[in-house]
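Colleague: I am new to this structure and would like to know how its labels were assigned. Please show it to me before we start.

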Amino acid sequence: MTDDTHVYNEIGEQFAAHEKVNHSIEEYVREKVWHTNTIEGAFSQFDRMYVGTYHYISYKHMQAYANECAYRYNTRKANITTRFEDTVLKCSGVRLKYDTLIAK
(Lines give C-alpha, C1' and ligand atoms only; values in the text may rest on other atoms or scores of the structure.)
Protein backbone atom coordinates (compact mmCIF):
# COMPACT_ATOMS: atom_id res chain seq x y z
CA MET A 1 0.00 0.00 0.00
CA THR A 2 1.52 3.30 -1.03
CA ASP A 3 0.48 6.76 -2.05
CA ASP A 4 0.67 7.82 -5.69
CA THR A 5 4.25 9.10 -5.60
CA HIS A 6 6.06 7.91 -8.74
CA VAL A 7 9.03 6.49 -6.80
CA TYR A 8 6.84 3.57 -5.68
CA ASN A 9 5.95 2.41 -9.20
CA GLU A 10 8.98 0.16 -9.69
CA ILE A 11 8.93 -1.09 -6.09
CA GLY A 12 5.24 -1.93 -6.38
CA GLU A 13 5.93 -4.24 -9.32
CA GLN A 14 7.76 -6.60 -6.94
CA PHE A 15 4.60 -7.34 -4.96
CA ALA A 16 1.58 -9.41 -5.95
CA ALA A 17 -0.88 -6.83 -4.66
CA HIS A 18 0.33 -3.24 -4.83
CA GLU A 19 -2.37 -0.64 -4.40
CA LYS A 20 -2.14 3.14 -4.33
CA VAL A 21 -4.20 5.94 -2.88
CA ASN A 22 -4.12 9.26 -4.66
CA HIS A 23 -3.32 11.94 -2.09
CA SER A 24 -3.27 14.64 -4.76
CA ILE A 25 -7.07 14.35 -5.10
CA GLU A 26 -7.48 13.98 -1.32
CA GLU A 27 -8.01 10.23 -1.52
CA TYR A 28 -6.62 8.56 1.58
CA VAL A 29 -8.66 5.35 1.76
CA ARG A 30 -11.16 3.60 -0.48
CA GLU A 31 -13.10 0.36 -0.60
CA LYS A 32 -10.81 -2.69 -0.50
CA VAL A 33 -7.74 -0.45 -0.46
CA TRP A 34 -6.36 0.36 2.97
CA HIS A 35 -4.77 3.63 3.92
CA THR A 36 -1.11 4.50 4.29
CA ASN A 37 -1.51 6.44 7.55
CA THR A 38 -0.18 3.63 9.76
CA ILE A 39 3.14 3.27 7.98
CA GLU A 40 3.44 7.03 7.56
CA GLY A 41 3.00 7.36 11.34
CA ALA A 42 5.66 4.73 11.98
CA PHE A 43 8.12 6.38 9.57
CA SER A 44 7.39 9.75 11.13
CA GLN A 45 8.27 8.37 14.55
CA PHE A 46 11.49 6.86 13.18
CA ASP A 47 12.38 10.19 11.61
CA ARG A 48 11.78 12.04 14.90
CA MET A 49 13.86 9.43 16.74
CA TYR A 50 16.71 9.90 14.26
CA VAL A 51 16.62 13.70 14.11
CA GLY A 52 15.72 14.38 17.73
CA THR A 53 17.60 11.68 19.65
CA TYR A 54 20.34 9.90 17.75
CA HIS A 55 21.39 12.32 14.96
CA TYR A 56 23.33 9.53 13.25
CA ILE A 57 22.54 5.88 12.59
CA SER A 58 25.19 3.61 11.18
CA TYR A 59 24.30 0.98 8.61
CA LYS A 60 25.79 -1.65 10.93
CA HIS A 61 23.26 -0.92 13.67
CA MET A 62 20.27 0.07 11.51
CA GLN A 63 18.30 -3.08 12.40
CA ALA A 64 18.66 -2.39 16.12
CA TYR A 65 17.35 1.15 15.64
CA ALA A 66 14.50 -0.14 13.48
CA ASN A 67 13.63 -2.74 16.14
CA GLU A 68 13.58 -0.07 18.84
CA CYS A 69 11.36 2.15 16.75
CA ALA A 70 9.00 -0.74 15.95
CA TYR A 71 8.75 -1.59 19.66
CA ARG A 72 8.01 2.03 20.55
CA TYR A 73 5.41 2.32 17.81
CA ASN A 74 3.72 -0.98 18.66
CA THR A 75 3.47 -0.05 22.33
CA ARG A 76 2.56 3.63 21.82
CA LYS A 77 -0.90 3.17 23.34
CA ALA A 78 0.35 1.35 26.46
CA ASN A 79 0.87 3.40 29.60
CA ILE A 80 4.42 4.25 30.64
CA THR A 81 4.46 1.80 33.56
CA THR A 82 3.47 -1.12 31.36
CA ARG A 83 6.05 -0.20 28.74
CA PHE A 84 8.78 0.12 31.36
CA GLU A 85 7.95 -3.20 33.02
CA ASP A 86 7.71 -4.94 29.65
CA THR A 87 11.10 -3.56 28.60
CA VAL A 88 12.80 -4.51 31.85
CA LEU A 89 11.34 -8.02 31.88
CA LYS A 90 12.21 -8.71 28.25
CA CYS A 91 15.75 -7.39 28.63
CA SER A 92 16.42 -8.95 32.01
CA GLY A 93 19.87 -10.51 32.03
CA VAL A 94 20.72 -9.22 28.56
CA ARG A 95 23.89 -7.18 28.53
CA LEU A 96 25.36 -5.54 25.49
CA LYS A 97 29.02 -4.82 26.08
CA TYR A 98 30.64 -1.87 24.38
CA ASP A 99 33.27 -4.11 22.77
CA THR A 100 30.48 -6.15 21.17
CA LEU A 101 28.68 -3.03 20.04
CA ILE A 102 31.68 -1.60 18.20
CA ALA A 103 33.07 -4.92 16.91
CA LYS A 104 33.41 -5.26 13.15
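What follows is a talk about the labels and the values behind them.

Modeller: This is a predicted model, in which local features need pLDDT of at least 70 and side-chain atom pairs count only at pLDDT 80 or more, while totals for chains, interfaces and linings use all residues. Residues are numbered from 1 along each chain as its sequence is written, and side-chain values use heavy atoms, with hydrogens and water left out.

Colleague: How many helices and strands are there in the chain, and what makes a run count as one?

Modeller: The chain has 5 helices and 2 strands. Both are DSSP runs numbered from the N terminus: a helix is H or I with at least four residues, a strand is E with at least two. Read from the N terminus, the order is β-α-β-α-α-α-α.

Colleague: Why is glutamine 45 called buried?

Modeller: Buried means under 20% relative accessible area, exposed means over 50%, and partly exposed lies in between (1.4 Å probe, protein chains only). Glutamine 45 has 18% relative accessibility, so it counts as buried. Glutamine 45 belongs to helix 2, residues 37-54. Leaving aside residues up to four places away in sequence, glutamine 45 touches Cys69, Arg72 and Tyr73, where a contact means heavy atoms within 4.5 Å. Over the chain, 15% of the 104 residues count as buried.

Colleague: Why is histidine 55 called exposed?

Modeller: The relative accessible area of histidine 55 is 56%, so histidine 55 is exposed. Histidine 55 sits in the loop between helix 2 and helix 3. Its phi is positive, about 65°, although histidine 55 is not a glycine.

Colleague: What makes alanine 17 exposed?

Modeller: Alanine 17 has a relative accessible area of 63%, and therefore is exposed. Alanine 17 is found in the loop between helix 1 (8-12) and strand 2 (20-21).

Colleague: How many aromatic pairs does the structure hold?

Modeller: The structure holds 1 aromatic pair. The pair is formed by tyrosine 54 and tyrosine 65, with ring centres 4.9 Å apart and planes at 70°, so it is edge-to-face. It links distant parts of the chain, with tyrosine 54 in helix 2 and tyrosine 65 in helix 3, 11 residues apart. Rings of Phe, Tyr and Trp (its six-membered ring) pair if their centres lie within 6.5 Å; planes under 30 degrees apart count as stacked, over 60 as edge-to-face and the rest as tilted.

Colleague: Why is tyrosine 54 called partly exposed?

Modeller: Tyrosine 54 has a relative accessible area of 28%, so tyrosine 54 is partly exposed.

Colleague: Which helices supply at least two residues each of the lining of the largest pocket?

Modeller: Those are helix 3 (62-74) and helix 4 (80-91). The lining includes Tyr71, Arg72 and Lys90. A pocket is an open set of points on a 1 Å grid over the protein atoms alone, where a 1.4 Å probe fits, with protein on both sides within 12 Å along at least five of seven lines; lining residues have an atom within 4 Å of a point.
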